Amino acid sequence: MEMNNFYSRGRLIFFAVVIGALIFGILISYANLMFRPEQQPVHKAMIRERGSILDRNGKVLAIQTTVYNLSVTPSAIKKENVAETAAILGPIIGIEPSQIEEQINNAPSNFLYLKKKINQSEHDDIQAAATANNLRGLRLEKTIARSYPENSLAAQLIGFMGDSGDGLSGIEYSFQKELAPPNDRTKINTYGKNIMLTIDAGLQYKLEQIAKQSMESTKAESIMLIAAEAKSGEILSYISLPAPNLNSYSYSTAEERMDRPAMYAYEPGSVFKIFSVASFIDAGVISENDIFVCDGVFEVKSTNGELVRIKCLDHHGAITAREALQYSCNDAIAQMSQKINSEYFLQQLHQFGFGSKTGIELPGETKGLVKSTTDRLWSGR
C-alpha cells in the first residue's frame, strides 16, 4: 500500500522538528521560571501621619519625622570582631567604643538596641561603614518619631510624644485624638489634624531670653511669664523656666518638665487691685470721680475684734480710684473695700474666673483657691 502524498517522509520530518523545537522552548521557559528567585509582592507603603503643631503664623513647632533604631545581634559578631565593630560605630553614634563593646559582650539576650532615634545622616554613615568594613549583625529599623525644630521653645505648652505614638504632656497630650491619624484600615493614607496655637514664636523667643536673663541676675530657681492680647485674651507667649529640650525629653529633669503656669497657684499681689476696683465700680459703691485721702496707713477694727492695719508705700494725699491704681495705693484701695459687702465682692471675683479653671486645654491645670467668709482662715485683711 502506498503512502498518501500529503504525508510524505519530508513533511513528517519537518513537523517533527517544529514540534520538538516548541517542546524544547516550553521546557526552557519552565526551567527559567523554576530557578528564578521568587518575586515578593509589592505592597504600597501605608502612611499614617500625625498632625503638626504650629504657632499663630504657621511656624512649625512639632512635626512627624523618620528616624532609625540601631540594633545588633551579638551572636552574629565574632568575638575577635567586637572591638573593631565598636571602634567603627562609636564616633558615628556618639557612644564610647568601650561602652558599645561591653554592651555587646554582656547582652542578656541575642538582641540589643545600641541607639534609638538615629537621624538620616547617622543612618547613611552606619550603612557606608558597615559595607566598607563588612560588619555583621547590625540592623537599622525605620520608625516614626516626632521632631521639635525649636528645641525647648514653649516646651511645656507644646508637650512631648512618646515612642508609642501617644502624647505624654502639653498639647501633644490634650489634643491626642485630633493630632493622631484615625485608625482606618480601609485607607492606605491617613492624616491627623494640625493644631495652630495662639502663640507667636518670635515673641515667645524674645521673652524667653528676657526670662533667662532675669533668672541669671536674680539667681531664681524658676520663672513663669504669660503675655496675652488684652482685647481678645489670646495667649501670645507662655513661658515656664527651666524648660526641657523636647528633642532629648527623656534626659530632662522633673523641674524642667513642670508646667508652672497651669499647675502653680500663687497670690497675684497688687495686680489684684485692678479686679477689686472693677468690682467696686460695677457694684456702684464708688465712682471714677470719688476722692480718697491716703495718709500712709489704713487702720480699722472688724466686727469680730480683729485690728486690721495696712501700710502704704507713700502718702499719696487726695486721689481718685484711677490714681490709686496708678500708684498702687494700699490705703485708698482698702478704704474702697469697706464700702462693699464681702459676699457680693466674692461673687464678683468668681465671675472674673477666680477659683475656677480657665479651660486653657492643658493637662494638670489647677483651679486656684478663693476663700469664703465661712473659712476659718478668713480675715478682714
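Is Gln348 buried or exposed? At 6% relative accessibility, Gln348 counts as buried (buried means under 20% relative accessible area, exposed over 50%, partly exposed in between, with a 1.4 Å probe and protein chains only). The tour returns to this residue at the end.

This is a predicted model, in which local features need pLDDT of at least 70, side-chain atom pairs count only at pLDDT 80 or more, and totals for chains, interfaces and linings use all residues. Residues are numbered from 1 along each chain as its sequence is written, and side-chain values use heavy atoms, with hydrogens and water left out.

**Whole chain**

Select the protein chain. Its secondary structure comes to 14 helices and 15 strands (DSSP runs numbered from the N terminus: helices are H or I of at least four residues, strands E of at least two). The radius of gyration is 37 Å, well over the 21 Å that the globule rule gives for 381 residues, so the chain is more spread out than a compact globule. That radius is taken over C-alpha atoms, and the rule is 2.2 Å times the number of residues to the power 0.38. Along the principal axes, the C-alpha trace spans about 150 × 60 × 35 Å. Of the 381 residues, 31% are buried.

**α11 and α13**

Select helix α11 (residues 272–283) and helix α13 (residues 330–337): they pack at about 35 degrees, with axes 10 Å apart. Axes are lines fitted to C-alpha atoms, for helices over the stretch in contact, and angles run from 0 to 180 degrees between N-to-C directions. On the α11 side, the contact is made by Lys273, Val277 and Phe280; on the α13 side, by Asn330, Ile333, Met336 and Ser337. Contact means heavy atoms within 4.5 Å. By class, this contact has 4 nonpolar, 2 polar and 1 charged residues (Ala, Val, Leu, Ile, Met, Phe, Trp, Tyr, Cys and Pro count as nonpolar, Asp, Glu, Lys and Arg as charged, and the others, Gly among them, as polar).

**α11 and α14**

The axes of α11 and α14 come within 10 Å and cross at roughly 115 degrees. From α11 the contact includes Phe272, Phe275, Ser279 and Asp282, and from α14 it includes Tyr344, Phe345, Gln348 and Phe352. By class, there are 9 nonpolar, 3 polar and 1 charged residues in this contact.

**Gln348**

Finally, select Gln348. Leaving aside neighbours within four places in sequence, Gln348 is in contact with Ser279 and Asp282.
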